[in-house]
Amino acid sequence: MLNKNLIEEILDIALRHGGEFSEIFLENSHSLYFYWDDRKAEEVTYGEDIGASIRIIQGDKVYYGYTTDISELGLKKLAHDLSEVVIKGENNKKIILEDKKEFITKTLKDYKSVKVGESIDLLKIMDESSRNYSPRIVQFTSVIRNHTQEILIANSDGDFVEEKRVRSVVYGFAVGEKDGLIQTGYEIVGATLGWELFTEDLVKNVALEASRRAILMLEAEEAPAGIMPVIISSQAGGVLIHEAVGHGLEADLVEKGVSVYKGKIGEKVAPNYVTLVDAGVLEEKYGSSYVDDEGVKTNYNVLIDRGILKGYMHSRITAKKFGVAPTGNGRRQSFRYPPIPRMTNTFILPGNSKLEDMLDKVEKGLYVVKMGGGQVDTVSGDFVFGIEEGYMIESGKIKNPVRGATLIGNGPKILEKIELIGDDIGFTPGTCGKDGQGIPVTDGMPTILISEITVGGTKKRED
């Protein structure tokens, strides 16, 4: 993307007036997007985004700028302009880049070989599958998207990396109606794969799952409220753990004092059978990459080991402040944003319990199959999450579906109340938002039994 000598010169210009560290991040990304609604293809978009950013670090100060002019003149100008605002200091650093390391996502079919008509046919199959599932489906929306990102990262420490990342995602959103009652269902599949992800069977299954959930909720009863045991299925993925626990383990939030886990390294924060991991190295998972957006190799980071808090997720900056090594969690949405500590694929390791073991312990409670959106306060760990698909448990048996349920609790306390962990595990892809940046992630979790949690419901109390 740029030759080695030119990059060394640009990094040197950036440090000309002082600074301890300089970095260039060059990006060329392509996005192919298909949107279906109201029985037709509403939008077909191809987009290309090219640009670069330069970052200079001096002590606790960070100087950051970006440009879409990636010519030699444009990049040198950006480096010069940034260096001019750096607080003056000495710099005798000789920049010598290592031999370039190159990584690429292996794909069978990339966006260049995609035929628009074939892709629209897939969306049409999804729509027909949804509407054929039930006459009560009144609306169906779907999206197929592929994002190919080629990046180059080099810095004054000598790191020199290129990576080509390819991610694909499909989701379906179904709306059901019965006697004026409206309910919805949602399903998503995503991976670090090319267009080969979108087989006819896969997209049809996404549509059917979304439709099944919408129709199921039309027949569901209103959820009761109260404190009760809850079983969360591995099918729900780990969104609750991601939001209620994971964000609190991102080192920038810890440093700012807005994490409930600040100062708790080495302390027991969960039962000894709970191990929480963030791993950007998992093959094909939506949040995976070979390196993070600072050129640091992604890792298998054990954050909570058998109940003991072992560490946080770090970028280069937070790692230096904490006196530890970067963990491969410095991520950014694009060249327009500076990297910050972010999750990749975050999950709890499986245990050895069966669903039947958990059901036997529940006289009356809730079984959650699909989580919805929610809100979390990272300072306190308090959260509220909606439930898209849930069932009542009575005398150890899964009974009728319920709608309108929410989970209300506190992340650290919920960890302490995990009573059993299943021998299965499920993963769900998604986009995580933080500081105005959206990045691809995967959340994972085995089936778990929480001994008690507050369930918010819409069922009227019987006098």
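**Reasoning about strands, helices and cores**

Me: What makes β21 and strand β22 a pair?

Reply: In this predicted model, β21 and β22 (residues 437-445) are joined by 9 bridges in the antiparallel sense. Pairing requires at least two bridges, so the two strands qualify. Within this region, Lys 434 stands opposite Gln 437 of β22.

Me: Why are β12 and β21 said to stand at the edges?

Reply: The open sheet has 6 strands in the order β12-β11-β10-β15-β22-β21, and its pairing is mixed. β12 (308-309) and β21 (426-434) each have a single partner strand, so one side of each lacks a neighbour in the sheet.

Me: Which strands does helix α5 touch as it packs on the sheet?

Reply: Helix α5 (residues 239-246) touches β10 (276-279), β11 (300-305), β15 (345-348), β21 and β22. The direction of α5 makes about 115° with that of β22.

Me: Why is α5 called mostly covered?

Reply: A residue is buried when its relative accessible area is under 20%. In α5, 6 of the 8 residues are buried, namely Leu 240, Ile 241, His 242, Ala 244, Val 245 and Gly 246.

Me: Why does Gly 117 count as partly exposed?

Reply: Gly 117, which lies in helix α3, has a relative accessibility of 42%. Buried means under 20% and exposed means over 50%, so a value of 42% falls in between and Gly 117 is partly exposed. In space, Gly 117 is 41 Å from Tyr 391, C-alpha to C-alpha, and the two are 274 residues apart in sequence.

Me: How is the packing of α3 and α4 described?

Reply: Two packed helices are described by the angle and the distance between their axes. The axes of α3 (residues 116-133) and α4 (residues 200-219) come within 8 Å and cross at roughly 35°. The crossing is right-handed. Residues of α3 including Leu 122, Ile 125 and Tyr 133 meet residues of α4, among them Val 203, Leu 208 and Ile 215. By class, this contact has 9 nonpolar, 3 polar and 3 charged residues.

Me: Which residues touch the most other members of the largest nonpolar core?

Reply: In this core of 44 residues, they are Ile 232, Leu 240, Leu 249, Leu 366 and Leu 407. Leaving aside residues up to four places away in sequence, Ile 232 touches Leu 240, Val 368, Leu 407, Met 445, Pro 446, Thr 447, Ile 448 and Ile 450. A second, separate core has 25 residues, including Leu 32, Leu 122, Phe 140 and Val 206.

Methods: Residues numbered from 1 in each chain as written. Predicted model: local features only at pLDDT ≥ 70, side-chain atom pairs only at ≥ 80, totals over all residues. Heavy atoms only, no water. Axes fitted to C-alpha atoms, helices over the stretch in contact; angles between N-to-C directions. Helix = DSSP H or I, 4+ residues; strand = E, 2+ residues; numbered from the N terminus. Left-handed = near helix turned anticlockwise from the far one by under 90°. Contact = heavy atoms within 4.5 Å. Nonpolar A, V, L, I, M, F, W, Y, C, P; charged D, E, K, R; others polar. Buried < 20%, exposed > 50% of the residue type's maximum accessible area, 1.4 Å probe, protein only. Core = buried A, V, L, I, M, F, W, Y, C linked by side-chain atoms within 4.5 Å.
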